[in-house]
Structures are given as structure tokens and as C-alpha cells.
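Thanks for making the time this morning.

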Amino acid sequence: MKNTSIIIGVVCLGLLGGGCDKSLLNTSPKDQYVESNYWESPAAAQAGLSACYGVMTGSGLWGGDATPLFEEGASPNAYDYDNTMGFNLIAEGLQSASSSGIIPGRWKACYTGIGRCNTFLVKVDEVPMDGATKTRMKGEAYFLRALYYFTLENYYGAVPLILAPPDRATQTNVKRTNQADVVAKVLSDLDSAAAVLPLKYTGGDLGRATKGAALTLKAKLLLWEASPLFSGGNDAAKWQTAADAAQSVMNLGGTGYGLYSDYRGLFLPQNENNKEVIFDVQFIYPDMGNSFDLIDKQYNTNAPLLDIAQVYTMKNGLPITDPTSGYDPAHPYVNRDPRLYQTIVFPGDTFMTVPVTPSRFAITGFGLKKYSIYDKGAPPSGKSDLKAGQSETNYILLRYADVLLMYAEAKNEASGPDASVFSALNSVRSRAGLPDVSTALTQDSLRAVIRHERRVEFAGEGMYYNDIRRWKTAGQVLGQAIYKYDGSKIETRKFDAARDYWWPIPQVERDLNPALEQNSGY
């Protein structure tokens with residue numbers, strides 16, 4: 001069930017997302033909302049909160065045609081041949097402050113969401129409504145504001161911390177706030193959210209932020225803060241704090257969180273809101289759809305590369321480079337990690353009942369099936385050729401497998417391998433059909449296994465780019481040649497480690513706000 005109240009809440013978006021001409025407030029029109037008459041009913045408050053959620057479905061964040069799928073092309077996992085939204089420029093190390101697409105789009109989207117949350121948090125107290133409902137709704141707004149600031153901080157580093165409703169008169173000359181202060185506020189917002197949000201929802205409220213979502217985002221933020229990009233990766237206390245935060249989600253009773261039994265089915269619309277989903281971006285056609293199926297089936301602007309296809313181990317858990325693994329180069333896709341078959345379409349496979357030749361997905365020879373309803377068999381009736389905006393699979397932002405792997409990573413970094421680390425890691429591998437890892441692994445070797453597991457578990461989901469940034473390995477793995485299925489080279493990418501771990505502050509924003517300092521190297 002989709003939460004349509006989140007998706008299609010009716011609201012004066014201009015009122016919530018930006019400033020207005022004060023002369024318009026001298027009268028009180030009866031056929032439109034203005035500041036003086038908007039915040040007067042529970043329905044208005046609900047619409048205002050829906051507007052806070054609605055930003056997530058835009059192209060700057062996790063909606064548009066397929067933004068999270070395109071982001072995979074900024075990593076060594078995929079190739080965005082059309083440079084959709086500028087992701088291939090990022091992969092090539094050619095982004096600049098004047099780049100169009102995602103770099104200015106993400107900044108704008110996040111601050112639009114922040115402005116709406118700020119307005120809601122100030123104005124909702126004026127609304128006559130049930131106190132418990134109002135408290136819960138404010139918790140949702142705290143979570144969403146934290147999510148938008150978390151996203152900003154991940155890509156741009158230090159950003160202006162603005163906690164008041166949009167006001168062009170006072171917010172056009174605001175400097176970037178110390179990154180630690182932004183992090184502190186995000187943590188504070190998440191604590192405020194977790195204190196009042198329910199463990200779960202039912203019916204039409206499915207999709208709203210929960211206590212588990214707030215705690216999971218907190219764990220994710222603390223994992224980032226402990227990682228090499230931020231702390232050098234050597235602060236055991238920070239890693240332990242991140243592990244404790246992830247464990248708080250694992251120990252959270254009353255949620256029913258767990259791993260969904262069917263990895264492929266996890267990403268199909270008929271299985272949405274299953275026990276693995278902690279928080280997702282809700283879509284429904286025709287009100288607010290996406291184009292995930294069109295991108296996967298036809299445009300192939302998230303074409304998997306040979307490197308990710310080779311990273312999947314054999315089903316026995318051994319890498320294909322191990323001479324004892326049973327790998328046969330003449331039949332490279334036999335007896336591999338089952339997640340390969342549930343994620344990637346390869347030459348020799350079957351797709352929509354048709355044998356796959358290298359020309360079917362001509363960009364690299366590979367296609368992606370994750371987040372698409374299309375697979376080996378015949379497509380669902382009436383959906384064989386979905387067009388732009390007609391798909392409605394939710395995008396999962398936070399899921400339980402991530403919690404387990406965050407815990408395994410943080411705990412291993414904090415104190416080395418122990419039974420809890422192996423348990424969390426092996427739970428994910430077991431669902432995939434792989435054997436447990438050896439308990440004889442050292443901290444360093446287990447680190448490599450955990451990083452590998454994150455890459456294949458989340459392949460196609462747009463997460464690997466941020467993982468290699470926070471691990472500070474992007475300089476080694478991104479600045480390489482990329483290849484098609486047959487080993488033919490597409491291009492050689494570049495990565496400037498002194499500059500490219502952060503996106504530039506968009507020049508269009510610096511034109512509007514001269515106080516914004518640019519990131520180093522841009």
C-alpha cells in the first residue's frame with residue numbers, strides 16, 4: 001500500500017519553499033492560500049508535512065526519472081554513456097562549479113526540503129489539532145530535515161546551517177557552518193525524532209518516518225563520521241559509537257525488522273513495505289511515478305561494467321581469481337553468487353523471454369534488472385512497455401541489510417572480529433545463498449570481505465560511490481579504465497584525490513550568496 005497522502009498532499013509549495021512578495025499579504029483572498037490563512041486546520045498541516053516529504057521524489061534527490069540509478073554511473077559499477085544529470089562527468093573527474101544537473105540540483109533540492117521543514121516546525125504550533133498527532137508530525141519533520149542536511153554534508157562538506165523559515169532578506173549572505181556543528185544538529189534532530197516517532201505504521205500511514213528510520217539514519221551518519229574521509233579511520237571510539245547506533249536498531253523491539261527472504265523480490269512493487277524496508281521514497285502512478293523500468297529496459301544509462309560482473313564470487317564464496325573456485329572463463333556466469341543473477345542481465349541470459357545477445361544492451365553488454373519489474377519471464381499484463389513516469393517501485397533509502405553491514409564494519413574497526421561481527425555479516429550472506437566466512441579472518445582481511453559484501457549487496461542502488469568516498473579508496477578504484485563485457489575499453493577515468501572527494505559548491509548558489517566559500521580545487 002502506498003501512502004498517497006505523502007505523495008500527493010495539496011499545498012502551496014511556493015509558500016512553504018521560498019519567500020513571497022509582502023505586498024500580496026495586504027489583502028485576504030478567499031480563493032487561495034497566503035501566510036495569514038494557511039495554517040488554520042489539521043488538513044493544512046498534513047499538506048505542509050506532505051510537502052516536506054515530496055522533495056524526495058524530485059530529480060535532485062531520489063526521484064525524477066531514476067536519479068539513484070544514475071548515481072551508480074559515478075562509481076566503478078556502471079557507465080552513464082549519456083552523462084545523464086552530469087554523473088559521468090563526476091566519474092571522469094571533470095565536474096566543476098558551473099556543472100549543470102545533479103551538482104546544483106541536489107543542493108537546491110535539499111535546501112528546498114529544509115526550508116519546508118523549517119516552515120512546518122515553526123507554523124504547525126499555530127494549528128488547532130490533537131497534541132499527540134502534532135508531536136508525531138514534528139518528529140517526522142525533524143527526521144526529514146536531518147535527512148536533507150545529512151545528504152548535503154555527504155556531498156559538499158560544510159554547508160550553511162539554516163533553521164528558520166525561508167527569508168531572502170536574511171539568508172542571502174550566510175556563510176558555511178563548521179561541518180561538526182552541522183553534524184551535531186543532525187544528530188540532535190534525529191534524537192528528537194526518535195523520541196516521539198512510533199515503531200511502525202499501518203494502512204495509509206505506511207511510508208512515514210519511524211523511530212527505526214531515525215535511529216538507522218543516526219547510525220549511518222556516525223559511520224560516515226568514523227570513516228577515513230572524516231576521521232582518518234583510526235578512532236576506535238568513533239567506530240564503537242557507530243556500532244552501538246547500528247545495534248540499537250538491531251535490538252529495537254516491536255518493529256519486526258529482518259531480512260526479506262527473496263532478494264530479487266525485495267525490489268518489486270508487490271513486496272513493498274516488507275520487513276527489510278526501514279524507510280523508502282514512495283511512488284505511485286499516475287500521481288507521482290518514476291522511470292526505473294524504462295531506464296533499466298531501454299535507455300541503459302546505468303549500464304553495469306565488467307568490473308562489477310567479475311566482483312561477484314562463485315556460489316562457494318571463492319573469488320573467480322582463485323584457481324580452486326571452479327570458475328570457467330568459457331562460461332563466466334555459471335555457479336556465481338546468486339545476487340549476480342538477481343541484479344544484472346548478461347550475454348547468454350534471458351530477458352523478457354528473449355535470449356540476451358551482446359547487442360541487447362549494447363552500451364556495455366550488461367543490463368540492470370534491480371528496481372525493474374522486468375526479468376527473465378513475460379512482463380506483467382499491460383506493463384510490457386512502461387514509459388517515462390509510469391513506474392511506481394519505491395526507492396529504498398534505509399534497509400535492514402545495511403544496518404547489519406554497518407554494524408559489522410563499525411564493530412570490526414572498533415575492536416576487530418568477534419562473534420557479533422560474523423553473525424551480522426553471515427546473515428546477509430546466508431540470505432544470498434553463500435557460505436559463512438572463515439572465523440580465522442584478521443581485522444584487515446575481514447575489512448576487505450565486508451567492503452566486498454557491501455558492494456555486491458547494494459549493487460545498482462547508487463550506494464557504492466559514497467562508500468568509496470568515505471573509505472577514501474575512490475582515488476584507487478575510480479581513476480581507472482572501464483570495460484565492456486568482452487574486455488574492450490570504454491574510457492579511462494580520472495580522480496583528483498586532492499579535490500574530487502567533495503562536490504563543488506554550485507556557482508549559481510555562490511552568485512546568489514557571495515558569502516559561500518568554494519571547496520578546495522574548484
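In what handedness of crossing does helix 9 pass helix 10? Before I answer, please keep in mind that this is a predicted model. The crossing of helix 9 past helix 10 is left-handed. Helix 9 covers residues 179–196 and helix 10 covers residues 211–226, and the two pack at an angle of about 160° with their axes 8 Å apart. Since angles over 145 degrees count as roughly antiparallel, helix 9 and helix 10 are therefore roughly antiparallel to each other. On the side of helix 9, the contact is made by Val183, Val186, Leu187, Leu190, Asp191, Ala193 and Ala194, while helix 10 contributes Lys211, Ala214, Leu215, Leu217, Lys218, Leu221, Leu222 and Glu225. Sorted by class, the residues of this contact between helix 9 and helix 10 are 11 nonpolar and four charged, with no polar ones.

Helix 10 also packs with helix 16, residues 400–415, and there the angle is about 35° and the axes are 11 Å apart. Here again helix 10 passes helix 16 in a left-handed crossing. The residues in contact are Thr216, Ala219, Lys220 and Leu223 from helix 10, together with Asp402, Val403, Met406, Glu409 and Ala410 from helix 16. By class, the contact of helix 10 with helix 16 holds five nonpolar residues, one polar residue and three charged residues.

Let me turn to another pair of helices. The axes of helix 4, residues 42–54, and helix 8 come within 10 Å and cross at roughly 20°, which makes helix 4 roughly parallel to helix 8. The crossing of helix 4 past helix 8 is left-handed. Helix 4 takes part through Ala45, Gln46, Leu49, Cys52 and Tyr53, and helix 8 through Arg136, Met137, Glu140, Ala141, Leu144 and Tyr148. In that contact of helix 4 with helix 8, eight residues are nonpolar, one is polar and two are charged.

Helix 8 brings me to the aromatic rings. Across the whole structure, a search finds 21 aromatic pairs, and I will show one of them. The ring centres of Phe143 and Phe279 are 4.9 Å apart and their planes stand at 70°, so this pair is edge-to-face. Where in the chain do Phe143 and Phe279 lie? Phe143 belongs to helix 8, residues 131–156, and Phe279 to strand 2, residues 277–281, so that the pair links distant parts of the chain, 136 residues apart.

Pro286 is found in the loop between strand 2 and helix 13, the latter being 292–299, and the peptide bond from Tyr285 to Pro286 is cis, with omega near 10°. Further on, in the loop between helix 13 and strand 3, which is 303–304, we find Asn300, and Asn300 has a positive phi of about 55° although it is not a glycine. As background, most residues other than glycine have a negative phi, and most peptide bonds are trans.

Finally, the hairpin. Strand 9, residues 481–483, and strand 10, residues 489–492, pair in the antiparallel sense over three bridges, and Ala481 stands opposite Thr492 in strand 10. This hairpin has five residues between the strands, and in it Gly487 takes a positive phi near 90°.

Technical notes: Residues numbered from 1 in each chain as written. Predicted model: local features only at pLDDT ≥ 70, side-chain atom pairs only at ≥ 80, totals over all residues. Heavy atoms only, no water. Axes fitted to C-alpha atoms, helices over the stretch in contact; angles between N-to-C directions. Helix = DSSP H or I, 4+ residues; strand = E, 2+ residues; numbered from the N terminus. Parallel < 35°, antiparallel > 145°, perpendicular 65-115°, else oblique. Left-handed = near helix turned anticlockwise from the far one by under 90°. Contact = heavy atoms within 4.5 Å. Nonpolar A, V, L, I, M, F, W, Y, C, P; charged D, E, K, R; others polar. Pairing = 2+ DSSP bridges. Phe/Tyr/Trp six-rings, centres within 6.5 Å; stacked < 30°, edge-to-face > 60°.
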